Amino acid sequence: MTVLALTRYGTLGASSRVRFGQFVPALAEAGVRVAVAPLLDDDYVRLVNAGRRPRMAAIVAAYGRRLVRLVASHRPDVIWLEKELFPFAPGLVER
């Protein structure tokens, strides 16, 4: 079985660690292949935690990478979506 985990943050994001990251070792032990694809990487989290604002171009690029990842994914058995696919976008985009 393969799982594509579309998390909001990378490993430095506490919410992503709690909602998904803690389960990865157990899933792997059970033979489940997991591909984690965070929307916003650890550099984003570092900037925000330091009180700095990320560049809008970096956020737009992250949305583009997520869209490409969805189109290029090799039909995983399960897509595990943390929160929403494209946060801060109108609900119509999620549909």
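**Note on the predicted model**

1. Lys83 sits in the loop that runs between strand S3 (78-81) and helix H5, where helices (H or I, at least four residues) and strands (E, at least two) are DSSP runs numbered from the N terminus. Although Lys83 is not a glycine, its phi is positive, at about 65 degrees. Lys83 counts as partly exposed because its relative accessibility is 39% (buried is under 20% relative accessible area, exposed is over 50%, and partly exposed lies in between, with a 1.4 Å probe and protein chains only).

2. The model is a predicted one, in which local features need a pLDDT of at least 70 and side-chain atom pairs count only at pLDDT 80 or more, while totals for chains, interfaces and linings use all residues. Residues are numbered from 1 along each chain as its sequence is written, and side-chain values use heavy atoms, with hydrogens and water left out.

3. The average pLDDT of the chain (the predictor's confidence in each residue, from 0 to 100) is 86, and 96% of the residues score at least 70. Confidence is highest in helix H2 (residues 24-29), with a mean of 92, and lowest in helix H5 (residues 91-94), with a mean of 68. Where pLDDT is low, the predicted coordinates should not be read in detail.

4. With a relative accessible area of 85%, Arg95 is exposed. Between the C-alpha atoms of Arg95 and Leu85 the distance in space is 9.7 Å, and the two residues are 10 residues apart in sequence.

5. Ser16 belongs to helix H1 (residues 14-19), and it is buried because its relative accessible area is 4%. Its side chain makes a polar contact (a pair of N or O atoms within 3.5 Å, one able to donate a hydrogen and the other to accept it, with sequence neighbours counted only between side-chain atoms) with the side chain of Glu82, at 2.7 Å. A polar atom of the Ser16 side chain also lies 3.0 Å from the backbone nitrogen of Tyr9.

6. Thr7 lies in the loop between strand S1 (2-6) and H1, and it is buried because its relative accessible area is 2%. Leaving aside residues up to four places away in sequence, the residues that Thr7 touches (heavy atoms within 4.5 Å) include Ser16, Phe20, Val36, Arg66 and Glu82.

7. The largest pocket has a volume of about 180 Å³. Of its 13 lining residues, Asp41, Tyr44, Leu47, Pro54 and Ala58 are the closest to its centre. On a 1 Å grid, a pocket is an open set of points where a 1.4 Å probe fits, with protein on both sides within 12 Å along at least five of seven lines, and lining residues have an atom within 4 Å of a point.

8. Helix H3 (42-49) and helix H4 (56-72) each give at least two residues to the lining of the largest pocket, and H4 provides the largest share, four residues. Sorted by class, this lining holds eight nonpolar, five charged and no polar residues. Asp41 is in the loop between strand S2 (33-36) and H3, and it is partly exposed, with a relative accessible area of 34%. Asp41 and Ile59 stand 18 residues apart in sequence, and in space they are 9.8 Å apart, C-alpha to C-alpha.

Conventions: Grid points are joined across faces, edges and corners, and a volume is the space filled by probe spheres set on the points. Ala, Val, Leu, Ile, Met, Phe, Trp, Tyr, Cys and Pro count as nonpolar, Asp, Glu, Lys and Arg as charged, and the others, Gly among them, as polar.
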